[in-house]
Amino acid sequence: MPSKFKGVFPAVVTPIDARGRFNPDAMHKLAQFLIPKGVHGCYVTGSTGEGLLLNVKERKAVAKTAVEAFGKKGKVIVHIGAMGTRDTADLAAHAAEVGAAGISSIPPIYFPHTMGDIIEYYRAVGKAAGIPMFVYSIPALLNRSFTADDLARFREIPEFAGIKFTDYNLYELRNMRDDFGPDFTIFNGYDQVFACGLAMGADAGIGSTYNFMPEMFVAVYKAFTSGDTAKAFDFQHKLNRIIRIAIRGNALATTKVMLRFRGVDCGKPIPPIREPLPNEIEETEGDLKKLGFPDEYVKEAVEYMKK
Ligand code: MN9
């Protein structure tokens, strides 16, 4: 199912209220923060969205709210990976029903599944959704990676449309581009190498740190696609200095803290993920201020976008 996605897709956090429940109002506020910055859509209930820490009912509410919040301003991709094919297929059908532009799933986890099991899993999920499906490859968390050769077996799944590639092996990313042609969508997954991923053939990026510096990623994308590669890498090197400070400890635990620095309160992480301690937050904020983040960084990116 060829379906081309291009651009910058924040892997949005799932906002939580004081009682620890999904907060739809905050999701609308987050969308209102991101959309004017020029993002092309979003990815919900993935790693950053803490999807595996929500139950099926909550995940459906997040997907529905995200589609409403982004409306026609962007494509919403719903991560539907869950422990069992039954829940995943249910979430996949729901995502299509509420108007998601695509779905994505990690491969099945924990049990020692064969590649054959994995293909059958994706076949069932794709069929339940009937919309473009993106495999989510994140070897650092799953102990399973996909090569271009592995993906050859996915061709028989009609909804298979691309990959979210959270892997530093950009050689394999390029092999995928060569094998699957221009209609296949490759999302770069590590924010630290977004410009590199684009240079090796990615069409788009999905990332956690896009939540709190969307301007910088939109600027990388604009510079790269307008042929100014040097500028794209200049923005990339700058934003990496911020990432280095922001992800000390655990990237998932700090994303909501970083969003708070940008004035968007999405609550705390979902247990067992824990927010950094107050002194750690203070130290992070101090180090970012020393570098001139957010003000100077945002200003430079915004000015570049006006050109
Ligand atoms: O796949 C994200 N991975 C996780 C996307 O959240 C585990 C990335 O956006 C990273 O969080 C980011 C920071 O390391 O590159």
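The shell around the ligand divides into 7 nonpolar, 8 polar and 1 charged residues. Nonpolar here means Ala, Val, Leu, Ile, Met, Phe, Trp, Tyr, Cys and Pro; charged means Asp, Glu, Lys and Arg; the others, Gly among them, are polar. Of these 16 residues, S47, T166, D191, G207 and S208 come nearest. Near means a C-beta atom, placed from the backbone, within 6 Å.

A word on the model. It is predicted: local features need pLDDT of at least 70, side-chain atom pairs count only at pLDDT 80 or more, and totals for chains, interfaces and linings use all residues. Residues are numbered from 1 along each chain as its sequence is written.

Now the sheet. It is open, with 8 strands in the order β1-β8-β7-β6-β5-β4-β3-β2, and the pairing is parallel. The edge strands are β1 (7-10) and β2 (41-44), each pairing on one side only. Strands are DSSP runs of E, at least two residues; helices are H or I, at least four; both are numbered from the N terminus. Pairing takes at least two DSSP bridges. β2 pairs with β3 (residues 75-79) over 4 bridges.

Next, the helices. α9 (residues 214-225) lies across β1 and β8 (204-207), at about 155° to β1. Contact means C-beta atoms, placed from the backbone, within 7 Å. The axes of α9 and α10 (residues 229-246) come within 7 Å and cross at roughly 160°. So α9 is roughly antiparallel to α10; the cut-off is over 145 degrees. Axes are fitted to C-alpha atoms, for helices over the stretch in contact, with angles from 0 to 180 degrees between N-to-C directions.

Notes:
Two residues are in contact if their C-beta atoms, placed from the backbone, lie within 7 Å. Angles under 35 degrees count as roughly parallel, over 145 as roughly antiparallel, 65 to 115 as roughly perpendicular and the rest as oblique.
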